[in-house]
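Dear colleague,

Please find the structure below, handed over for your own work.

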Amino acid sequence: MNEAAGARLTIDLAALAANWRTLARLDPGSECAAVVKADAYGIGIAHAVPALADAGATTFFVAHLDEARAVRAAAPQATIYVLNGLPPGCCDAFAAIDARPALGSVEEILEWTAFRAATGAATRAAVHVDTGMTRLGLDPDQARDCLPRLPFAPALLMSHLACADEPARPETERQRALFAELRSLKPDAPASLANSAGTLLGKTQGGGLGFDLRRPGVALYGSNPVAGRPSSLRPVVWLEARVVQVREATAGAAVGYGGAERLRRRSRLAILSLGYADGILRSGGSEDGAPGACAAIGGVPCPYVGRISMDLIAIDVTDAPERPNRGDWVEVLGSTVSVDDLARACGTIGYEVLTGLSRRSERRFLG
Ligand SMILES: *Cc1c(COP(=O)(O)O)cnc(C)c1O
C-alpha cells in the first residue's frame, strides 16, 4: 500500500465479468471469446483472465506470444489465439505453450506447415483472411486459392471488421458477405468475424455478424465503441487523483504552462496529482475558448483548466457541491466521467485511454 500515491486505479472485476456475460447473451448461438491483448487493455491479464474464465470464457485472443504466456499462466485450460500471427522461427515457442497463431500470410502458412510436417506437432492455428481492412490476412484471391488446398484443418477461420463502430457504413455488410463466401471454401472450420462493435450490433443488424465465435475486446472493459448507442455495459476502470492543494485564484489569472487559459471569474482550483505521465493525454487540457476534459466531485463535472502537466492537472471546483480538501480523492474516470467521455474530450478513443493507463497509480482490484 502506497499511502502517498498520487492516483488510485480501481479495477472492478465483477463488472468485467458482468460485461462478458452481457455480451455473451446478445447472441447465445455464437461463442463469446475475450480479447485480452495489451495486458487486457491496460487492466492486467493476470487479474482479468481468471475473472473472465470464472464468468465462462474459454477462448482468449492476444496480440503477442508473451501475452499468450501470461494467459496460459492465468488460465491453464484456455484456448489462446495470437492475432499478430507467427513471427519467423517461433513455431516451437507457440507449440510449447499450445498457443495458436492467426496465420495471415502465405509465408506464415508455409512455415507452419513445414514445422508440423517436420515435428508431427498437433498444435493448431487460425487462418486470417482479409475482407476489406488491408492490414493482416490472406487477400481474397489468395484465400480462394489457398483455403481449399490447406494441408491442415484450421482451428478457426477469422477476419476483422474495419468500420462496425459506425453502423451506417456499408462496408460491414460487404465484409460479412465476402467472409461468408470465403468460409464456404472451408465449411468445417469454425468462423469468427465480430469485434465489440460487431457483437453490439448483434443479430439484429448486419445480417448476422456472430458466426461461430465473437471476439469482443474494448466493450468488456466498459467502453462502447458504437458512439451514441446506449449499452448496458458497466464501468470497469475507476481512476481517482489526489488533491495536492486547493487555491483561490482571481479573474484574469493565467493557469499552467503557457498561461493557455485565463480565468474568466474568481475561481477555486484544485490541483490534482496526475498528469500526462499517468496516461492523461495532453490534448484533454483547455485553453481560452476551448474547454477540455472534466473530473468530477460528488457527481458534478469539474473542468480541467489550462494545459496538462507531466504530473499535475488543475481543475475548477468553484461549482463543486463540496470544497475538496488537500489529500482528498477526485474522480477522473468512473460513474460520472466515463472512459468514452475522457476519450472524446482528448480527441481520441476509449481504447487509447484504457491502454495508456498509468503504471504509477496504486492499483486495486474489486470482485
Ligand atoms: C483488437 C481486436 C479485436 C477486439 O476489438 P475490439 O474493438 O476491442 O472489440 C478483435 N479482433 C481482432 C483481430 C483485433 O485485432
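Which strand gives the largest share of the lining of the second largest pocket? That share, five residues, comes from strand β16 (residues 300–305), where strands are DSSP runs of E with at least two residues, numbered from the N terminus.

Some conventions come first. This is a predicted model, in which local features need pLDDT of at least 70 and side-chain atom pairs count only at pLDDT 80 or more, while totals for chains, interfaces and linings use all residues. Residues are numbered from 1 along each chain as its sequence is written, and side-chain values use heavy atoms, with hydrogens and water left out.

**Pocket and cavities**

The second largest pocket holds about 260 Å³ of space. Its lining comprises 19 residues, and E261, R264, P303, V305 and D316 are the closest to its centre. By class, that lining has nine nonpolar, three polar and seven charged residues. (On a 1 Å grid over the protein atoms alone, a pocket is an open set of points with protein on both sides within 12 Å along at least five of seven lines; a cavity is a set where a 1.4 Å probe fits but cannot get out; lining residues have an atom within 4 Å of a point. A volume is the space filled by probe spheres set on the points, which are joined across faces, edges and corners.)

There are two cavities of 30 Å³ or more. The largest cavity has a volume of about 40 Å³, and its lining includes H128, D130, R135 and H160. Three nonpolar, four polar and two charged residues make up this lining. (Ala, Val, Leu, Ile, Met, Phe, Trp, Tyr, Cys and Pro count as nonpolar, Asp, Glu, Lys and Arg as charged, and the others, Gly among them, as polar.)

**Ligand site**

The ligand is surrounded by 14 residues (a heavy atom within 4 Å), and the closest are K37, Y41, S196, G217 and Y351. A side-chain N or O atom of K37 is 2.7 Å from a ligand oxygen. For V218, a backbone N or O atom lies 2.8 Å from an oxygen atom of the ligand. The protein buries 93% of the 380 Å² that the ligand exposes when taken alone (Shrake-Rupley method, 1.4 Å probe).

**Cysteines**

The count of disulfides (cysteine sulfur atoms within 2.5 Å) is zero. For C90, the nearest cysteine sulfur, that of C91, is 7.8 Å away.

With kind regards

Conventions. A polar contact is a pair of N or O atoms within 3.5 Å; within protein, one must be able to donate a hydrogen and the other to accept it, and residues adjacent in sequence count only if both atoms are side-chain atoms. Helices (H or I, at least four residues) and strands (E, at least two) are DSSP runs, numbered from the N terminus.
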